[in-house]
Amino acid sequence: MPKTPEETFRRLLELMLAKDTDAVAGLWAEGGTAEFPFATASAPRRLAGRDQVRDYLARLPEVMDMQEVPAITVHHTQQPDTIVVEFTGTGRTVRTGEPYRLDYIVVTTVQDGLITRYRDYWSPLATASAAGTLSELLDLLRSAVTR
């Protein structure tokens, strides 16, 4: 089992590339959270607990096929249990078969090798494009403006 925040995060990426979302969820502490501050539409902004994280992750392989993480930079903070990670994921959109590239910034807090807080700052537009749902998101935004 990974011990440091960086080891835990790198293991998370390995498991995501292996499409083992159940094992990824197993990296969360029982009461750990995942937060997505820029989430839009029906995407959750916060997941509380390992089971919610597991349910959320189980759907990802049906949407995006991440095949590579060609860039990763880990920034250590003054809190030894927290890191900031910049990384790029590339792969194919399941819905369209088109290639995608997404850039992420994630703030991760780990205690005893398990994630207690995960804050993922991704672009909703880039993510919708990668998932093949950009037109739906734009329609939703247009309808919200006209209300």
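This tour visits selected loop, strand and helix residues of a predicted model.

Residues are numbered from 1 along each chain as its sequence is written, and side-chain values use heavy atoms, with hydrogens and water left out. Because the model is predicted, local features need pLDDT of at least 70 and side-chain atom pairs count only at pLDDT 80 or more, whereas totals for chains, interfaces and linings use all residues.

Select Lys19 in the loop between helix 1 (5-17) and helix 2 (21-25); helices (H or I, at least four residues) and strands (E, at least two) are DSSP runs, numbered from the N terminus. Lys19 is not a glycine, yet its phi is positive, near 65°. Its relative accessible area of 35% makes Lys19 partly exposed, a class between buried (under 20%) and exposed (over 50%), with a 1.4 Å probe and protein chains only.

Next, select Asp112, in the loop between strand 5 (99-111) and strand 6 (114-121). Here too phi is positive in a residue other than glycine, near 55°. Asp112 is exposed, at 74% relative accessible area.

Move to Glu35 in strand 1 (residues 28-35). Glu35 is buried, with a relative accessible area of 15%. Display its contacts (heavy atoms within 4.5 Å): leaving aside residues up to four places away in sequence, Glu35 touches Arg45, Arg46, Arg117, Tyr118, Arg119 and Asp120.

Finally, select helix 3 (residues 50-58), where Val53, Tyr56 and Leu57 are buried. Viewed down the axis, the buried residues fall within an arc of 95°, so they line one face of helix 3; the arc is that of the directions from the helix axis to the C-beta atoms. These buried residues pack against helix 1, helix 2, strand 1 and strand 2 (46-48).
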